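Reader: Could we go through the side-chain interactions of this model together? Please state the cut-offs as each term comes up.

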Amino acid sequence: MPVDEQLVDRIRERFRRAGHLRQFRRGDFLCTAGTASDEVLLIESGSVKVVLHGQNGADSILGFYGPGDVLGELGVVWERRRSANVVARTAGTATHVDARTFKNMLTDGSEVLRFVNALLQKRLLLADRRQERLASMEAPVRVARQLLDLARVFGERVERGLQVSGLTQLELAQSVTASAKTVDLALKQLRADGLLRTRRCQYLLPDPELLERRLDDPDWRPGR
């Protein structure tokens with residue numbers, strides 16, 4: 001169910017009128033797994049990650065989110081406890097809308113309901129895509145795809161290409177469900193191929209379009 005941008009902008013404005021703006025710092029928990037779903041968040045600035053703590057003790061990053069993204073709405077709608085942590089990757093701000101106010105917004109108009117339904121479809125699509133990648137892509141290819149996706153959404157266009165900043169190698173590993181050793185090797189292979197340049201917590205894609213073409217080739221692997 002596609003939702004036009006004008007509708008999305010109107011919903012965000014309703015959130016801002018109904019909620020309260022709060023600041024967060026890097027490392028803050030905006031939502032904690034196992035706690036009551038008592039509010040919905042609209043990220044206004046900065047970046048957060050959704051982290052799932054696995055039964056084996058390992059953390060997996062389910063997604064990265066930034067300005068304009070809404071989080072926590074499904075737990076409120078379904079009246080379920082938080083299933084994952086929302087952790088700040090950078091300092092920023094978020095509008096907090098309490099659960100009762102959000103539910104009133106759902107009953108007051110079809111626009112908000114359409115918006116939530118679209119979010120649900122997006123969440124399901126992203127979950128399916130994640131499972132497909134885990135099943136069909138080798139870890140080095142997942143690393144390359146994740147870097148390109150992050151660059152498209154959060155990257156900064158610089159003179160030498162498209163750059164992602166503030167991403168640790170551990171976060172990259174957790175987001176592609178791979179070991180730190182595997183990710184380190186994949187980064188070395190991408191650098192050797194001329195598709196990536198790295199500095200501490202910085203990843204520069206000199207030619208994103210070339211990397212996209214490589215990823216479109218089902219037989220391509222970094223380092224080959």
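Author: Let us begin with a definition: buried means under 20% relative accessible area, exposed means over 50%, and partly exposed lies in between, with a 1.4 Å probe and protein chains only. This is a predicted model, in which local features need pLDDT of at least 70 and side-chain atom pairs count only at pLDDT 80 or more, while totals for chains, interfaces and linings use all residues. Residues are numbered from 1 along each chain as its sequence is written, and side-chain values use heavy atoms, with hydrogens and water left out.

Reader: Is Phe15 buried or exposed, and what about Phe115?

Author: Phe15 is buried, and Phe115 is buried as well.

Reader: How many aromatic pairs are there?

Author: There are two aromatic pairs. Rings of Phe, Tyr and Trp (its six-membered ring) pair if their centres lie within 6.5 Å; planes under 30 degrees apart count as stacked, over 60 as edge-to-face and the rest as tilted.

Reader: Which geometry do Phe15 and Phe102 adopt, and why?

Author: Their planes stand at 75° with the ring centres 5.9 Å apart, so the pair is edge-to-face. Phe15 belongs to helix H1 (residues 5–18) and Phe102 to helix H3 (residues 99–108), so this pair ties together parts that are 87 residues apart in sequence. Helices (H or I, at least four residues) and strands (E, at least two) are DSSP runs, numbered from the N terminus. Both Phe15 and Phe102 are buried.

Reader: And what is the geometry of Phe15 with Phe115?

Author: That aromatic pair is edge-to-face, with 6.4 Å from centre to centre and 75° between the planes. Ring pairs link Phe15, Phe102 and Phe115 into a cluster.

Reader: Changing topic: how many salt bridges does the count come to?

Author: The count comes to 17 salt bridges. The rule asks for a side-chain nitrogen of Lys or Arg within 4 Å of a carboxyl oxygen of Asp or Glu. In general, side chains of opposite charge can pair when their charged atoms come close.

Reader: What is the N to O distance between Arg133 and Asp149?

Author: The side chains of Arg133 and Asp149 form a salt bridge at 2.7 Å, N to O. Arg133 sits in helix H4 (residues 110–136) and Asp149 in helix H5 (residues 139–154), 16 residues apart, and the pair links distant parts of the chain. Arg133 counts as buried because its relative accessibility is 18%, whereas Asp149, at 23%, counts as partly exposed.

Reader: Where does Glu138 lie, and where is Arg221?

Author: The side chains of Glu138 and Arg221 meet in a salt bridge of 3.3 Å, N to O. Glu138 is in the loop between H4 and H5, and Arg221 is in the segment after helix H8 (208–216), 83 residues apart. Glu138 has 38% relative accessibility and therefore counts as partly exposed, while Arg221, at 18%, counts as buried. Elsewhere, salt bridges that share partners join Arg133, Arg145, Asp149, Arg152, Glu209 and Glu212 into one network.

Reader: What else does the side chain of Arg221 approach?

Author: One of its polar atoms lies 2.9 Å from the backbone oxygen of Pro218. Leaving aside neighbours within four places in sequence, Arg221 is in contact (heavy atoms within 4.5 Å) with Glu138 and Val141.

Reader: Which residue forms a salt bridge with Glu39?

Author: Arg22 does, with the closest N and O atoms 4.0 Å apart. Glu39 is in strand E3 (residues 39–45) and Arg22 in strand E1 (residues 20–24), 17 residues apart. Glu39 counts as buried because its relative accessibility is 14%, but Arg22, at 42%, counts as partly exposed.

Reader: How many residues of E3 are buried?

Author: Five of the seven residues in E3 are buried, and the strand is mostly covered.

Reader: Which strand do six bridges join to E3?

Author: Strand E8 (residues 92–98) is joined to E3 by six bridges, and the two run antiparallel. Two strands pair if DSSP finds at least two bridges between them. Ile43 has Ala94 as its bridge partner in E8. E3 also pairs with strand E6 (residues 70–71) in the antiparallel sense over two bridges, and there the bridge partner of Leu41 is Leu71.

Note on methods. Polar contact = N/O pair within 3.5 Å; in protein donor to acceptor, adjacent residues only side chain to side chain.
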